[in-house]
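Subject: Structure handover

Hello,

Here is the structure I said I would pass on. My notes on it follow below.

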Amino acid sequence: MTGFDITGWGMSVPERIVTSAELATRFGVDEHWVVSRCGIRERRAVDPGQTTASLAVEAGRRALEKAGLTGADIAHLIVATATPEQPSPATSAFVHHELGIAGSAHDVNSECAGFVYGLVSAMALIAIDPRPILLIGSDTHTLTANPADRDLSILVGDGAGAVVLQPGPENRVKAWNLGADGACTGSLKVLAGGSRMPTTQETLDAGLHYAQINGNEIYLNAVRYTVRTVRETLESAKVDAADIDHVVPHQANIRIINSILSHTGLRQEALITNLQKYGNTASASIPIALTEALEEGRIKSGDKVLLAGFGAGMTWGSILMEWGGVAA
């Protein structure tokens, strides 16, 4: 099997900051209540004209520059998103055009686990076609949250993160695991706008085009399934949790992240989190956190890096890799 190295990375977040103090005032609660509930002090939100694709293009452009490549060098583009540019065509088509990608393009919608799903898909592609791949996670969930929904509004933020994979002689991936439980589709959902419930004036009046969340179900399933996938990946790799150098989880909620750490034995010192700055950016959260950690020089060649995500559906996934020779 052909190995790969991650040779480029980049991120893009909107300039507009929405603080927890601002949301606390809007919803008539104390700022401390917001921060203690989710660990988020501020998040970014798109302005008119900014979209899932525009954020993805900027993150992808920076990742290509870091890798010393252009779109003409990319054989496959994968965009992970649950907030597409429009129902059709795929968001990757818009990004493909803007970046001048030479090869194929497709989307992955596994909600907040999308980047991990996309990375495993990229691994498979590069094994059968050893040419560069650009993988981007981009979401704009502030546009799908009902402005009157306090529980969801305090969690979500917008952003994009990207990585470039290039074929290499070594298999850096020690183990991976993906899973799904389709019985949990009701935990986090957008009811209207698809074939099951086409958009009508009635669905708009009822606000069914906004996301709806059952926070307790999401919390319990997120912890249960992420703990499972991390344990299975570590067991498959025959690596002890205490030996993991860096854990980059989906940046959903600090209480969920801490619970996952306590149930898996992963070290608090290994945790990479920027949740307090950006909120839950869905499929973008892992590549944004990874990019910041690389730019800060926290990840060195040979380090064991564990990525783990979960999302609506439910979907979940984790991947353990030994970082290659390319660092910031």
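The largest nonpolar core of this predicted model has 33 residues, and Leu165, Leu307, Met321 and Trp323 are those with the most contacts inside it. Several elements each supply at least two residues of this core: strand 1 (3-12), strand 4 (76-80), helix 5 (114-128), strand 6 (133-140), strand 7 (158-168), helix 11, strand 12 and strand 13. Helix 5 gives the most, with eight residues.

Nine bridges join strand 1 and strand 7, which pair in the antiparallel sense. To find this pairing on screen, look for tryptophan 9, whose bridge partner in strand 7 is valine 163.

Another open sheet is formed by four strands, ordered 8-13-12-11, again with mixed pairing. Strand 8 (173-180) and strand 11 (246-249) each have a single partner strand at the edges, so one side of each is left without a neighbour in the sheet. The twist from one strand to the next averages 10°. Strand 11 and strand 12 (residues 304-311) run parallel and are joined by four bridges. Within that pairing, proline 249 is opposite alanine 308 of strand 12.

Two helices to look at pack on this four-stranded sheet. Helix 8 (residues 215-237) touches strand 8, strand 12 and strand 13 (315-322), and its direction makes about 30° with that of strand 13. Helix 11 (residues 285-295) touches strand 11 and strand 12, with its direction at about 145° to that of strand 11.

I looked at helix 8 in more detail. Its 23 residues reach 32 Å from the first C-alpha to the last, close to the 33 Å expected at 1.5 Å a residue. Which residues of helix 8 are buried? They are Ile218, Asn221, Ala222, Val223, Tyr225, Thr226, Val227, Thr229, Val230, Thr233, Leu234 and Ala237. In general, an α-helix has 3.6 residues a turn, so residues three or four places apart point the same way. The cover over the buried residues of helix 8 includes strand 8, strand 9 (188-189), strand 10 (212-213), helix 9 (254-264), strand 12 and strand 13. Just after helix 8 comes lysine 238, with a positive phi of about 60°.

Last, a pair of helices. Helix 1 (residues 20-27) packs with helix 2 (residues 31-38) at an angle of about 115°, and their axes are 8 Å apart. Their crossing is right-handed. In this pair, Ser20, Ala21 and Ala24 of helix 1 meet Glu31, Val34 and Val35 of helix 2.

Regards

Methods. Residues are numbered from 1 along each chain as its sequence is written. This is a predicted model: local features need pLDDT of at least 70, side-chain atom pairs count only at pLDDT 80 or more; totals for chains, interfaces and linings use all residues. Side-chain values use heavy atoms; hydrogens and water are left out. Two strands pair if DSSP finds at least two bridges between them. Axes are lines fitted to C-alpha atoms, for helices over the stretch in contact, and angles run from 0 to 180 degrees between N-to-C directions. Contact means heavy atoms within 4.5 Å. A nonpolar core is a set of buried Ala, Val, Leu, Ile, Met, Phe, Trp, Tyr and Cys residues joined through side-chain atoms within 4.5 Å. Buried means under 20% relative accessible area, exposed over 50%, partly exposed in between (1.4 Å probe, protein chains only). The expected span of a helix is 1.5 Å times one less than its number of residues. A crossing is left-handed if the near helix is turned anticlockwise from the far one by less than a right angle, and right-handed if clockwise.
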